[in-house]
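Here are some notes to keep beside you as you look at this structure for the first time. Take the points in order and turn the model as you read.

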Amino acid sequence: MTYLVTGGTGFIGSWVVKSLLERGHKVVAFDLVPGRHALDPVVGERADEVTIVQGDFTQMHRVLETVREHKITHIAHIAAAGLNLCNANPAHAVHVNGVGFASMLEVCRTMDIERMVWASSAGVFGGSWGSKAVPNDAPFQPRNVYAGLKVLGETLAAQYHATYGTDVIGLRYTFVNGHGMPNHQGGQMIRELCEKTALGQPAQVPWGEDSPDWLWGGDAGEATALALEAAPTKSRAFNVPGDHAPMTRAVEYVKSLLPDADITLKAGKMGFNRFDGSVTEKEIGYKPKWTMEMQLRERINRVRQEHGLPLVG
Ligand SMILES: NC(=O)c1ccc[n+]([C@@H]2O[C@H](COP(=O)([O-])OP(=O)(O)OC[C@H]3O[C@@H](n4cnc5c(N)ncnc54)[C@H](O)[C@@H]3O)[C@@H](O)[C@H]2O)c1
């Protein structure tokens, strides 16, 4: 069996590639802009085992050629236009995440792909749930074009399953953290909280009144591999939670590792929720392993190691 990972040299895609390789699968990473900035630090030496193909998944012929040439049996469809691109160019976002996603479903249907697992988002639920965990079957309340297109994806996937039996599973990742993270709002927060503090620089950390759901890239990769391998599922999409923990506790923990850290925790909220992963655990066997503390320690120590500084914790 050979696994195609679209966006396979991006952030989450690299963690998916790592999990699939560790499970003994052959992997083809298909990416519009193939690079090694995420793949190498995440996958390490085994990155050489990955076949890398340059292509645009919105061009169906490129995906079909790749599926035929490499005898692809399973797809992890991780590539998409991200939040910033969707905000900047909604019409382009519809082309990529709407029409392009439908074209991936057509590839699965016509090429008898055994299963496609794709990156939906916890953002489909929007809203503020307070301390209540968002259940797997909560109503959708997308707050922007990015989340609205993930809802369209879930709707299309359910329709293809109902009409053609195409086996497609969406994973609603929460706030994914790890090496290779893009420089979006979340990436900037981690850079302040972990990278600047690791180097003894003053840090301005946002969202002091919020509690992110810290999902380690390795756990996101593992959830994706489990979903690709699971027996047929009842649900068509799953919450993929991490460790729900307040920013105040994250800052306290960093200060416990680096007592001289100069951190200003700014007031404000990003709008994170807590997610119920019980259905995910029951149907695909996923449970997060990495706590917020393990994630922050790993990020800090990676930076310190790169700069020849002693490790902490
Ligand atoms: N990062 C998060 O916290 C998070 C949370 C929930 C969902 N997601 C979803 O996970 C997926 C991956 O996000 P990421 O954070 O790894 O982003 P990323 O930008 O690091 O990775 C996306 C990759 O897809 C590639 N790509 C983009 N358009 C393409 C196209 N048309 N054809 C082929 N490749 C293309 C990019 O070159 C990039 O390597 C996205 O679908 C995103 O919506 C991310």
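1. Let us begin with a pair of helices. The axes of helix H9 (residues 247-257) and H11 come within 10 Å and cross at roughly 50 degrees. That makes H9 oblique to H11, a word for angles left over once those under 35 degrees count as roughly parallel, over 145 as roughly antiparallel and 65 to 115 as roughly perpendicular. Axes here are lines fitted to C-alpha atoms, for helices over the stretch in contact, with angles from 0 to 180 degrees between N-to-C directions. Helices (H or I, at least four residues) and strands (E, at least two) are DSSP runs, numbered from the N terminus.

2. Before going further, please note that this is a predicted model, in which local features need pLDDT of at least 70, side-chain atom pairs count only at pLDDT 80 or more, and totals for chains, interfaces and linings use all residues. Residues are numbered from 1 along each chain as its sequence is written.

3. Ala, Val, Leu, Ile, Met, Phe, Trp, Tyr, Cys and Pro count as nonpolar, Asp, Glu, Lys and Arg as charged, and the others, Gly among them, as polar.

4. H11 (residues 292-306) also packs with helix H7 (residues 185-198), at an angle of about 45 degrees and with the axes 8 Å apart. H7 and H11 are therefore oblique to each other, and their crossing is right-handed. From H7 come Ile 190, Leu 193, Cys 194, Glu 195, Thr 197 and Ala 198, which meet Leu 296, Arg 299, Ile 300, Val 303 and Arg 304 in H11. By class, this contact has 7 nonpolar, 1 polar and 3 charged residues.

5. Now find H1 and H8, whose axes come within 8 Å and cross at roughly 60 degrees. This makes H1 oblique to H8. The crossing of H1 and H8 is right-handed. Among the contact residues are Phe 11, Trp 15 and Leu 20 of H1, and Gly 217, Ala 220 and Thr 224 of H8. The contact of H1 with H8 has 7 nonpolar, 5 polar and 2 charged residues.

6. Where do the domains lie? The domain assignment (automatic or from a database) gives domain 1 (2-175 + 215-240) and domain 2 (178-213 + 243-270 + 290-305). Their centres, taken over C-alpha atoms, are separated by 27 Å. Across the boundary, 17 residues of domain 1 are in contact with 11 residues of domain 2. Elements giving two or more residues to the domain 1 side include helix H1 (11-22), strand S10 (213-216) and helix H8 (217-229). That side has 9 nonpolar, 7 polar and 1 charged residues.

7. Finally, the ligand: which residues are closest? Of the 25 residues that surround the ligand, the closest are Gly 7, Gly 10, Phe 11, Ala 79 and Ala 80 (near means a C-beta atom, placed from the backbone, within 6 Å). H1 and strand S8 (175-177) each give two or more residues to this shell, and the largest share, 3 residues, comes from H1. By class, the shell has 14 nonpolar, 9 polar and 2 charged residues.

Conventions. Two residues are in contact if their C-beta atoms, placed from the backbone, lie within 7 Å. A crossing is left-handed if the near helix is turned anticlockwise from the far one by less than a right angle, and right-handed if clockwise.
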